Amino acid sequence: MKQYNFKINGNEYNVTINSVDGNVADVTVVANYKVEIGGQTAVSVQNTAPAQTAAPAPAPQPAPAPAPAASGAGKPVTSPLPGVIVEISVKVGDAVKAGQQVAVLEAMKMENAIEADHAGTVTAIHVNKGDSVLEGAPIVTIG
């Protein structure tokens, strides 16, 4: 068993690697996860803990998802907890109001509406449907 401290998207995580079988690691980050490793980043995640659906990878940074091209200027709307993106409700260039839903995050088998905390125009989308995100990870940027 090896323990590591990772800083991912500005959040610190204590990760314990329980075992490695080929390219699948059994890691503990609040709960156990099976993480398939490809090179330096996780490419597939299987959650073995029934109460959690987030999948932090034992790597310095999570695998980046291709985001739509945009300026990205503005303030990010971040994930309030780890989970999986099940819906993106806006597009780059959309005008949004404070309190408007911008995405839906599934966490602990519940869907959570992610809402804009301020009005503006969506300048970037940082996730895709199906992406696992950590607490504090940027979902969209509103300028």
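The legends below walk through several close-up views of one predicted model.

**A note before you zoom in.** Residue numbers count from 1 along each chain as its sequence is written, and because this is a predicted model, local features need pLDDT of at least 70, side-chain atom pairs count only at pLDDT 80 or more, and totals for chains, interfaces and linings use all residues. Side-chain values rest on heavy atoms, with hydrogens and water left out.

**View 1. Confidence along the chain.** pLDDT is the predictor's confidence in each residue, from 0 to 100. The chain has a mean pLDDT of 75, and 66% of its residues reach 70 or more. Among the elements of the chain, strand β5 (residues 41-47) has the lowest mean pLDDT, 44, while β8 has the highest, 95. Over residues 40-54 the pLDDT stays under 50, and the model has 42 contacts for them beyond four places in sequence; a contact means heavy atoms within 4.5 Å. Residues 63-70 are also below 50 in pLDDT, with 13 contacts in the model beyond near neighbours in sequence.

**View 2. An open sheet of four strands.** Follow the order β6-β13-β11-β8 and you have traced an open sheet with antiparallel pairing. The edges are β6 (75-78) and β8 (95-96), each of which pairs on one side only. Two strands are said to pair if DSSP finds at least two bridges between them. Strands of a sheet pair through backbone hydrogen bonds, either parallel or antiparallel.

**View 3. Strand β13 and its two partners.** β13 covers residues 138-142, and four bridges join this strand to β6 in the antiparallel sense. Within that pairing, Val 77 stands opposite Val 140, and Thr 78 has Pro 138 as its bridge partner. Pairing between β11 and β13 is antiparallel too, over three bridges; here Ile 125 has Val 140 as its bridge partner. β13 is mostly covered, with four of its five residues buried. Buried means under 20% relative accessible area, exposed means over 50%, and partly exposed lies in between (1.4 Å probe, protein chains only).

**View 4. Thr 141 and Ile 142, side by side in β13.** Thr 141 belongs to strand β13 and counts as buried at 4% relative accessibility. The side chain of Thr 141 makes a polar contact with the side chain of His 126 at 2.5 Å. Such a contact is a pair of N or O atoms within 3.5 Å; within protein, one must be able to donate a hydrogen and the other to accept it, and residues adjacent in sequence count only if both atoms are side-chain atoms. Beyond four places in sequence, the contacts of Ile 142 include Ala 73, Val 77, Val 96, Ala 119 and Val 122. Asp 94 is 48 residues away from Ile 142 along the chain, yet their C-alpha atoms are separated by 9.3 Å.

**View 5. The largest nonpolar core.** This core has 19 residues, and those with the most contacts inside it are Val 96, Val 102, Ile 114, Val 133, Ile 139 and Val 140. β9 (101-107), β11 (120-125) and β13 each supply at least two residues, and β9 gives the most, with four. Apart from this core lies another, of eight residues, among them Tyr 13, Val 15, Ala 25 and Val 27. A nonpolar core is a set of buried Ala, Val, Leu, Ile, Met, Phe, Trp, Tyr and Cys residues joined through side-chain atoms within 4.5 Å. For Ile 139, contacts beyond four places in sequence include Val 77, Ile 85, Ala 103, Ile 114 and Val 133.

**View 6. Val 104 in strand β9.** Val 104 is found in β9 and is buried, with a relative accessible area of 7%. Among the residues touched by Val 104, leaving out those up to four places away in sequence, are Val 84, Ile 85, Glu 111 and Asn 112.

**View 7. Two positive phi values in one loop.** Most residues other than glycine have a negative phi. Met 108, although not a glycine, has a positive phi of about 50°. Met 108 sits in the loop between β9 and β10 (110-115) and is partly exposed, at 46% relative accessible area. Lys 109 is found in the loop between β9 and β10, and its phi is also positive, near 65°. With 66% relative accessibility, Lys 109 counts as exposed.
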